[in-house]
Every structure is written in C-alpha cells, then in structure tokens.
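Trainee: I would like to go through the strand pairing and the chain contact. Please set each value against its definition.

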Amino acid sequence: MTEPTSSAQKGALRELRDAVIVVWWRFFDWLAVVSWTKLLLVSGLGFILAGILQHPIPWLMFVVASVIIKIIAGGKRRAELSADEATQRAHTEQLQRTVVEARMEALQAQIEPHFLFNTLASIDQLIRTDPPRASKMQQSLIRYLRSAMPQMREGRRPTLGQQVGLCTAFLEIMAVRMEDRLQVVINVPEGLKSAVFPSMMLQTLVENAIKHGLEPKTEGGRVEIRAEVVDGQLAVHVLDTGLGFAPKGEGGVGLANVRERLAALYGERAELVISVPPAGGTCATIQVPYETVPAAT
Amino acid sequence: MPQTRAPTAVIADDERLMREQLADALKDAWPELAIVGEAANGHEAIALVQSLEPDVAFLDISMPGMDGVQAAQALAGAVHVVFVTAHDEYAIKAFEQGAVDYVLKPAEVERLRLTCQRVRERVQQDPDPMEALLAQLSQRLGGAGAKPREYLRWVQASVGSNIRMIPTGEILFFRAEDKYTRVQTARFEALIRKSIKELLDELDPEEFWQIHRGTVVRVDAVDQVSRNLAGKQVVHLKGSDEKLEVSRSFTHLFKQM
C-alpha cells in the first residue's frame, strides 16, 4: 500500500531537485553577467528588507557568498556565454557566405559553348596537321575545363598562382586560335603567386578582354595580366588594347557576379574597378587584402 | 551557270585553323570544288566575292568587324551562301526553314556531302537573296533592325586623373555642378562632362528619377523621404549622409512612399 505513495514522493522530490538546479543555474548565469553596481544595489535593498524582517545576518552571508561566486566563476561563465553567442553568429554568417559563394561560383563556372566547340574544332584540325601542337592545346583545354568545374575546386584556399595558371591555359588556347591577332603578356611576380586570391574572378576578366575587347577587333591586340601589392592590398589588373568598354547593353553579368562575390567574401575591403587607359582599351582591376597561404604540408 | 567550269568557293572565318579545317573537309566531300579565296572577316569576304565571283561562299557567323550575316546581306543574290557556326541555336532554327544550308564546326565530311548536294542543285539557279531569313537572323543576333531601347548600364567618369567605368547600380545620384556633372557613389565621387539633360536621355527611367532641375537619383538608393523645416521634401540616401532636396515639380514622385 505504501508503494505508490513512496514512488509519488520520490517523483515530487526529483521534480523539486530539478527545479532547484534550474533556479540555481539561472541565478548563477544572472550573477555572472550582472554588473557590480547592480549587484551592490540589489544587495543594499535586500539588506534593508532583511533589516526590517530582523534577519540581516543570513542575508549578509548570502551576499558575501554571491560576491565570492561572482569573483571566482563569473568571468569564466561570462566568457562562455559570449563565446557561445559569437560562435552561433559566426556560424550563421559563415553558412550564409558559403551558400552565396557556392551559388555564384556555379553561375560563374558556365563554359561558353562557342569557346568549347571552336577549340575542339581547332584541335581536330591540328591533330591532322600538327599533332604535337594539338596535344599541347588539348592539355591546355583540360587544365582550363578542370578549373571551371566547381566540384574540382574544393580544398585549400585558391592562390593567385593557380588563378593565373588557369588564365594562362585559356590564353594559350586563344593564342593558338587567334594567332598573330593576340599577344599575351603575364606580369605576375613569383613572390605574389602564393597570395590568396578568389577563384573564377580573374578568368571572368580575361575572358571579357578576349570576347568583348580583342575578338571583335579586326586587327586584334594585346592582353596583359599584371599583379602588384599597394598599401597592403593585392591589385591584379587585366589590361587589353581591344575595342573598349560599351556603356550600354545588358552585358556585364560576369562583372556583376565578381562584384557580388567580392562583397560577400571581403565586404568593403575589396573592389573591382573598370578604367579606361589613356591609349584606349580596357583595364579591369580586382583589389583584395594581401594575405599569403601558409606553405602546403 | 555553265557546268563545263569547276564550281568555285570562298571561305571566310577569322581563325585560320577553322578555314583549313573546312577546306580539308570540303576536299573530301566535294573534290571538284575549287577554293579560290579565303577571308578573315566580313569585309574581306565581300571584296573576295566581288572580285572572284565564286559560286559559293562559306561564311562564319561570328567574325570581327563585319559578321557573316552582315556580309551575306551585303552580298544578297551575288553568291550562294552557306553559314558556318560553332554553336548557335537561333541560327540553326532559322536555317531549318530551309533557305540555305548551315554547317556546324568542326565541319564533318558526311554532313558536308549533304551541304554540297544542296548547293549543287542550287548552283543551277540564281542565288536566293534570302531577304526574310537574313533580316530575321540579324535581328536575332542583335544586329540591325528593331531593337528594344538600350539604356546606359555604365557611366564613364573621371576620378582624379583616371577614367573609370562605373556601373549604374553603384551610383547614388548625379548632380549638376558648373560645367560638370558630379557622380556620387557610396565610395567616391567622379565627374562627367554630360549634362543632366543628356544623361536623362540615356538613363533607364525606371532606374533613375529626376528630383530637381540639377539632381537625378537612383531609385533603389533612396532610403527615405522626409520634410525639412521649410516643408520641402528631402531625400535620404543609403550609403551617404548627403541629403537631396526635391523641387516642387517633382514631389508627386514620392506621393506613394
């Protein structure tokens, strides 16, 4: 007969213990983050109240205990709480950034069918007339295609060296196809090749220089990739002597993408600038904070 | 056209490898066809056709200077035209209507045999001027013809001694200042020589609103509109502390805001 009662008592006891634990930790958290002035104020008010009730000593002991707890554990607890919050915020931001970045990379990675078919046709012709050159061009194409497949770009942070390498592959292909209508100059100091540089941005600039600047120009011209560090910023320029920038028309989707991605990755610390060199043509510059990738292990 | 003489052709493509590829494939597909000339752009193609008077012209659609469609328009009726293209779904659709043939790059010998057969049948007749097809094609390729109006998407402006191209989406407002017009973005200001009036002709009226005789603001850059002490509407911007006054004749713009 006593069985149910005792189990009910046990249950109630357990609930009471849980409630006390919750209250204690609430109090502990409050104690950890409350300011000293507020704690002093509350203690003073409590003291007056305890004085009226004629029990000032237990209250005084309670206050002293609180102060000791706050001194010993408060700092740590406070740090934990703010760290939790920061981690959560950073996590959300990181996630947002990753999603935006992935979406934009996928957009950017679309290979122009015109480019692909024309290149394959050129390789087809070279296989018959100049097989070693065909093989070289095919290798350039493979390197270039690899860069354009998002799933192949996972892993470490992309470097300027990699990005310039991929652009060189593209330009090598175009130089074979356009022959003397295209001169390529790569002016990137060896020391800057380990600098961090976002993927698929330089490609967009270089492809624009060819597609909108030099390919439509009868006599062709020159394209140059140049990199320098100015005031802690890495500036990478793509200069062409082509037709120049057309201010109208819906083009510029690629550039808008680069701009959005720069903003997502660096906020105000990066910039895409399009300028017109005095001699004509177009100069596109991407500026990002200069940082290097630690050597691969 | 007399059948005693071997048929002749010119090939136009801006890439030499492409011309060679097509010439080699044609050698297999149509051995008696003589390639009498090669051109690297539309202008050269026209000159060649006019001086050599070939039976057929193989024209690449995308070429610098003058493209294949423009060249075909200029040559209408003077030569049988076969278009060559790497990839163009619009062009292919148009060609399917049957006026002339098209060849996809890289040209395959089997496919070229069919082309040659079609051309051989046509060589007996006068070339089709293909007016309707060409007009349609050139419109699809963004050439001449009725096009929707294009607005400024980039503004060329001086920043110090440099000339920069600023995307219109980054501009907060334009403001008339003496001889120049100031272009303000969230990051910098620049100057252009165009007047507000000239700009208004070129800017997309959906994107930019004139709010004062000397002020044009980008609609999306407007944060809020308030009234100042004098009772005038004042535009507050996103990304700048500068406030822009709305003159009386433009206050209706912000009625709904």
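Mentor: Start between the chains: strand β4 (residues 271-275) of chain A and β7(B) run antiparallel, joined by two bridges. In β7(B), R164(B) is the bridge partner of S275(A). A caution: this is a predicted model, where local features need pLDDT of at least 70, side-chain atom pairs count only at pLDDT 80 or more, and totals for chains, interfaces and linings use all residues. Residues are numbered from 1 along each chain as its sequence is written, while chains are lettered from A and ligands numbered from 1 in the order in which they are written.

Trainee: Why are β4 of chain A and β7(B) called paired?

Mentor: Two strands pair if DSSP finds at least two bridges between them. Here two bridges join them, so they pair. Strands themselves are DSSP runs (E, at least two residues), and helices are too (H or I, at least four), numbered from the N terminus.

Trainee: How many residues does each chain bring to the contact?

Mentor: Chain B brings 26 residues and chain A 28. Contact means C-beta atoms, placed from the backbone, within 7 Å. On the chain B side, α1(B) gives the most, with six residues.

Conventions
Contact = placed C-beta atoms within 7 Å.
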